[in-house]
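Reader: I'd like to learn how to read a protein model feature by feature. Could you walk me through one?

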Amino acid sequence: MKRRTLIAGMALATPALAQADRWPSREISLVTGFGPGGGTDVVARAIAAHMEKTLGVAIPVRNTPGAGGTLGPGRIAQSRPDGYTFGLVGLSALVVAPLTMDLPYKPWESFDFLGCTSELRVGLPVGPSMPNVRTLQDFIAEGRRRTITVASTNPGSAVSFFDLARLAGIQISYVPFGSITEAASQVAGGHVDTYSGTSEMIGLVRGGQLRMLASASVDRWPDFPEVPTLIEQGYETATRQLIIWAGPAGLPAPIRERLEAALMAAARDPEVQARQAAGGIASRVIEGARTLAEIRQVQPGVEAALVASGMSRKRS
C-alpha cells in the first residue's frame with residue numbers, strides 16, 4: 001500500500017517538476033496596476049528589459065490601471081501559478097486598499113512575494129491654481145484660508161498630505177485619478193492644486209509648469225537637492241511607496257527561486273539603477289524572504305494616517 005502511495009505521489013509530482021525544468025518556454029507577462037508614463041512604469045520597463053536577457057524570453061509590460069492600483073494585483077492573484085505572470089503589487093495594494101475598498105484578492109494570502117526593488121519618491125508640487133504660493137509656509141497659509149485639492153492614484157501615495165493637513169491645520173479635498181500623468185496634467189493646467197508627484201514631475205518642474213515645495217519622502221530628491229523634506233521643515237511625515245513584486249500564491253519552488261533571482265539581479269544592475277535614478281526613484285533592494293517584514297514595518301504609520309484623515313472605511 002505504501003509503495004502504491006509513493007508511486008502515485010511521484011506520478012503527480014512529475015508534471016510539476018517537468019514544467020519547472022522547461023520554464024520559461026514562452027513570454028512572461030509583467031503586470032503593473034498603473035498606466036504608462038509614471039514612476040512605476042519606469043521601474044517595470046527597466047526591470048523587464050534586464051530580466052529578458054537573464055531568462056531568454058520576452059517580458060512585455062501589461063499596464064492595468066484602475067481601482068486605485070488594485071486591478072493589476074487582482075490580475076496577478078487570479079493567474080495560474082506557473083511563473084508566466086508576475087508583477088508589481090505595491091505597498092498601497094497591500095496596506096491601503098484593504099482599508100478603503102473591497103478587493104479581488106487577499107493581501108497576505110494571494111501572493112508569493114518575490115522582493116522589493118525600488119521606492120518611488122514623492123513630492124509636493126503646485127501649479128497655476130496657486131500663483132502666489134512659493135514656499136511650504138505659503139501653501140499652509142493658503143490651506144487655512146480655503147480647501148486645497150490633492151490628487152493621486154490612491155490614498156496611500158497621499159499619506160503625507162493627510163498628515164500635513166492634520167499637523168498644520170489645513171483643509172484638503174482628495175481627488176482620485178486613474179493615472180499619475182493625468183493628475184500631473186490637471187495640476188499643471190491649474191484645475192487641481194497639488195498632487196503626489198513622482199518621476200513625471202521632474203520635467204514639469206524644470207519646465208516651469210510646476211513648483212516643488214517639499215519632498216514628501218524620507219530623503220531629498222537628487223534632482224532637487226535644494227528642496228527640503230517635510231520632516232526637515234518641521235512636519236514629521238513621509239510617504240513610503242515601496243515597489244513590491246509578487247507572483248500568484250503557489251508558485252513551484254524552483255520557478256519562484258529562478259524568478260526571484262532574475263528580479264534581484266535586475267534590481268542590482270547599475271544600468272537599471274541609473275535608469276531609476278534618472279526618474280527620481282530610489283533603489284531599495286530587499287529579497288523575497290525579508291519583504292513581508294519590511295511591509296509590516298511601514299504598515300502602522302500608513303494605516304494611522306488614513307484612519308486619522310477619515311479615508312479608512314469601517315468594516316462590519
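Predicted model: local features only at pLDDT ≥ 70, side-chain atom pairs only at ≥ 80, totals over all residues.

Reader: What can I say about how covered helix H6 is?

Author: The general idea comes before the case. An α-helix has 3.6 residues a turn, so residues three or four places apart point the same way. Now for this helix: H6 runs over residues 159–168 and is mostly covered, with eight of its 10 residues buried. Among them are Val 159, Phe 161, Phe 162, Leu 164 and Ala 168. The buried set also includes Ser 160 and Asp 163.

Reader: And what covers the buried residues of H6?

Author: The cover includes strands E5 (123–126), E6 (148–152), E7 (172–176) and E8 (194–195), along with helices H5 (136–145) and H11 (288–309).

Reader: Where is Pro 155, and is it buried or exposed?

Author: Pro 155 sits in the loop between E6 and H6. Its relative accessible area is 10%, and under 20% counts as buried, so Pro 155 is buried. Leaving out residues up to four places away in sequence, Pro 155 touches Val 96, Thr 100, Phe 162, Tyr 174, Leu 306 and Met 311.

Reader: How does Pro 225 compare as a reading exercise?

Author: Pro 225 is found in the loop between strand E9 (211–215) and strand E10 (242–248). With a relative accessible area of 49%, Pro 225 is partly exposed.

Reader: Which peptide bond is cis?

Author: Look at omega for that. The bond joining Trp 23 and Pro 24 is cis, with omega about -5°. Pro 24 belongs to the loop between helix H1 (2–22) and strand E1 (29–32).

Reader: Which residues have the most contacts inside the largest nonpolar core?

Author: They are Phe 111, Leu 124, Phe 139 and Leu 164, in a core of 48 residues. Helix H4 (residues 90–100) gives the most to this core, with seven residues. Apart from this core lies another, of 30 residues, among them Ile 28, Leu 30, Leu 88 and Ala 266. As for Leu 124, its contacts beyond four places in sequence include Leu 136, Phe 139, Phe 161, Leu 164, Tyr 195 and Leu 230.

Reader: How do I step back to the whole chain?

Author: Count the elements, then check the overall dimensions. The protein chain has 11 helices and 11 strands. A compact globule of 316 residues would have a radius of gyration near 20 Å, and the chain's 21 Å agrees with that. Along its principal axes, the C-alpha trace spans about 80 × 45 × 30 Å. Buried residues make up 54% of the 316.

Reader: What about contacts and charges?

Author: Among contacts between residues at least 6 apart in sequence, 75% join residues at least 24 apart. The chain carries 31 positive and 27 negative side chains, and the centres of the two sets lie 6 Å apart.

Terms used:
Residues numbered from 1 in each chain as written. Heavy atoms only, no water. Core = buried A, V, L, I, M, F, W, Y, C linked by side-chain atoms within 4.5 Å. Buried < 20%, exposed > 50% of the residue type's maximum accessible area, 1.4 Å probe, protein only. Helix = DSSP H or I, 4+ residues; strand = E, 2+ residues; numbered from the N terminus. Contact = heavy atoms within 4.5 Å. Rg over C-alpha atoms; globule rule 2.2 N^0.38 Å. Lys, Arg positive; Asp, Glu negative; His and termini not counted. Charge placed at Lys NZ, Arg CZ, Asp CG, Glu CD.
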